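Dear colleague,

I am passing on the structure below, followed by notes on what was found in it. Please read the notes with the model open beside them.

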Amino acid sequence: MPEGSILELVNKIYNSTTVLDFGALFSDGTPQFVSPAEPDPGDTVVIKFRTARNNVDDVFLVTGTEKLKMQHNSCDKIFDYYTIEIPELSERLRYHFEVHSGRLVVCYNRAGCCREAADDFEFTIVPGFKTPDWAKGAVFYQIYVDRFCNGDKSNDVLTNEYYYIGQNVRRVEDWDKLPDTMDVGNFYGGDLQGVMDKLDYLKGLGVEAIYLNPIFVSPSNHKYDIQDYDYIDPHFGRIVKDEGELLPEGSSDNTEATKYISRVTSIENLEASNQLFAELVEEAHRRGIKVILDGVFNHCGSFNKWLDKECIYDKNPDYEKGAYVDADSPYRSFFKFQNENDWPFNGSYNGWWGHDTLPKLNYEESMKLHDYILEIGRKWVSPPYNADGWRLDVAADLGYSEEYNHRFWKDFRSAVKDANPDAIILAEHYGNPKSWLEGDQWDTIMNYGAFMEPITWFLTGVEKHSDEFRGDFLGNAEFFKGSIRNYMSYFMYNSLYVSMNELSNHDHSRFLTRTNHRVGRIQTLGAENANENVNKDIFRMAVAFQMTWPGAPTIYYGDEAGVCGWTDPDSRRTYPWGHEDHDLIRFHKDIIKIHNRYKSLRTGSLKFLHGEYRMLAYGRFNKKEAVAVIINSDFVDKEVKLHVRELGVHNNRTMTRVMLTGEGGYTLNEYPAMVQNNVLTVVAPKCSASIFVCKL
């Protein structure tokens, strides 16, 4: 028998008895395994797959009905690497891998190793789909402007300035007052000058991007009922012209709200406010901080100049008649009216969730509206304003059909990216976002399914509104792993790594409150109960997870200072200037420094390492470094053995613990641990998060 045939026979016999090292099998969409990770149409793309050394016979890339053999390209002390070139890629590529080892054949896809491939878990590359590099792993900070900082008291909303949803609006004199159950007409005075005044604080915290809740002209403190998309609200901006009178106490007719009408329709105030926003963005950019805006395009407000139900603009010759007051209004098609042939108008139009203060916009029947909103999308990301992108409110519900919505967001993406290619388009979305993240609509989403919800259930057992407690989800590592892997499969790499990973926001309870394991709202338990029996140890574990998980960690203003609160409106408390929790702020600064120090925590691959009751461990890695994270939320210390070889860590190497949170605080004192027999064996203290790092 020829020598070559003997060697082949020996190898076959060897491989038939070799145990496949499943933990070594790996690929993902990061630049380490796809190059270029965000190809232009026509680029040649190199895809890589990793196995243990001398452990498999063949690796195939499977796309559709094609099965393409990959070439053994390189190796290191631990792994073999197989590669394949896809020349001139011009269309979407969906693929998985098939690994042959002796008689064993396994598939590898977004869910990991499996017997059979599943379409829902295919890897996907879309030529031409790019998300902003600045946003990958960037630390965001969300600001609800009215409650962050009052930098200019001269622009404050005044008590009895106008009438809104059943009551005259009120200026809250006590900054530390907790929100009322009905709170949308209460104003604390936070504004853009206050944001500008705190830019150095945000820079010192480590923030790289600010997400502002809506700031356009609007009668509410939340401003999700926009009155004029072309201008910043002068109550957040600058009031240089201040005329008119306040409403009489108890009045409900805004035609007499002459001070409000003067303040928000005066072109001097509107232009001055737009100028202030341009200055804010310039100052933020000077500090290396991006600014993104909230785009509320599904609905506007009853005060909106296009509808003008409140007759704010009716007597001003500078504005065209609103659709509510004039049957011949140029904005008639912007809204869907019932019995619209009846005039005088009977007051019936479609509102968002039936709210007449939130008239739903009627895109399907108005190309003029479509074009207007596209122009708004372009305007604010262009000079002189230069915002860095949009967060899109209830984006999947924009029109009356999903088909139209997909078409609109394709148009919106083209308009915004043409104006500013580096702007991010980030949508609020619940459920499966896959059809919206195909590269031609949104860049990414607010990451509820693959971040906020799984970690909330695991660490607190409480639903994100504090409306439900599930003891079977609390500490359930298998539920966490299955849930988060399922939702992560909906993202391509470049969408996942810019996704907004929040623990809290304006629509949900504060995470620190969820640590009390209680179900409640402000109207059922009262605001003070949101502060009771909270657990900062759990909160620090959650933040450690947030700063080491794939995506853009996003701090909701005040979370870092210890702010508590039930769901909206209680989650919209003021930032506690003067009585912050400085220990928590210091912790956030230190964990953000760790996040920024290790590139693998921003753009590296992810690998689950261990899971058991109340314990999770995972790794982040690239070619140069590996990070292992251990979350132990149990009430006892636990020894854990991590196969860090799967992260590329060699035997007899030292991994250094750079942070340990625990009961009552945290430490940055470094602690070395030796990797022996390819395993890192350490004790994870009770109620702790540990972060170990190793240079490769």
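**Arg263 and the helix that holds it**

Arg263 lies in helix H4, where helices (H or I, at least four residues) and strands (E, at least two) are DSSP runs numbered from the N terminus. Before going further, please note that this is a predicted model, in which local features need pLDDT of at least 70 and side-chain atom pairs count only at pLDDT 80 or more, while totals for chains, interfaces and linings use all residues. Residues are numbered from 1 along each chain as its sequence is written, and side-chain values use heavy atoms, with hydrogens and water left out.

At 2% relative accessibility, Arg263 counts as buried (under 20% relative accessible area, with exposed meaning over 50% and partly exposed in between, for a 1.4 Å probe and protein chains only). A polar atom of the Arg263 side chain lies 2.9 Å from the backbone oxygen of Asp156. Once neighbours within four places in sequence are left aside, the residues in contact with Arg263 include Ser154, Asp156, Glu161, His235, Asp242 and Asn269, contact meaning heavy atoms within 4.5 Å.

Two packed helices are described by the angle between their axes and the distance between the axes. For H4 (residues 258-265) and H5 (residues 267-286), the axes come within 5 Å and cross at roughly 50 degrees; these axes are lines fitted to C-alpha atoms, for helices over the stretch in contact, and the angles run from 0 to 180 degrees between N-to-C directions. That makes H4 oblique to H5, given that angles under 35 degrees count as roughly parallel, over 145 as roughly antiparallel, 65 to 115 as roughly perpendicular and the rest as oblique. On the H4 side Ser262, Arg263, Val264 and Thr265 take part, and they meet Ile267, Asn269 and Leu270 in H5. The residues of this contact divide into 3 nonpolar, 3 polar and 1 charged, where Ala, Val, Leu, Ile, Met, Phe, Trp, Tyr, Cys and Pro count as nonpolar, Asp, Glu, Lys and Arg as charged, and the others, Gly among them, as polar.

At the N-terminal end, Asn447 caps H8 through a side-chain oxygen that lies 3.1 Å from the backbone nitrogen of Ala450, and just after H8, Gly461 takes a positive phi of about 70 degrees.

The axes of H8 and H9 come within 9 Å and cross at roughly 170 degrees. That makes H8 roughly antiparallel to H9. The contact includes Ala450, Ile455 and Trp457 of H8 and Phe479, Phe480 and Tyr487 of H9, and its residues divide into 11 nonpolar, 2 polar and no charged.

As for H13, 10 of its 11 residues are buried, so it is largely enclosed by the rest of the structure. Asn535 caps the N-terminal end of H13, with a side-chain oxygen 2.9 Å from the backbone nitrogen of Asp537.

**Loop residues to look at**

Asp393 sits in the loop between strand E20 (389-392) and helix H7 (402-419), and it is buried, with a relative accessible area of 9%. Its side chain makes a polar contact with the side chain of Arg391 (3.1 Å), a polar contact being a pair of N or O atoms within 3.5 Å, of which, within protein, one must be able to donate a hydrogen and the other to accept it, and residues adjacent in sequence count only if both atoms are side-chain atoms. Val394, in that loop between E20 and H7, has a positive phi of about 30 degrees although it is not a glycine.

Cys149 and Asp191 are 42 residues apart in sequence and 6.5 Å apart in space, C-alpha to C-alpha; at 10% relative accessibility, Cys149 counts as buried.

Finally, the peptide bond from Ser35 to Pro36 is cis, with omega near -5 degrees, and the bond from Pro383 to Pro384 is cis, with omega near 5 degrees.

With best regards
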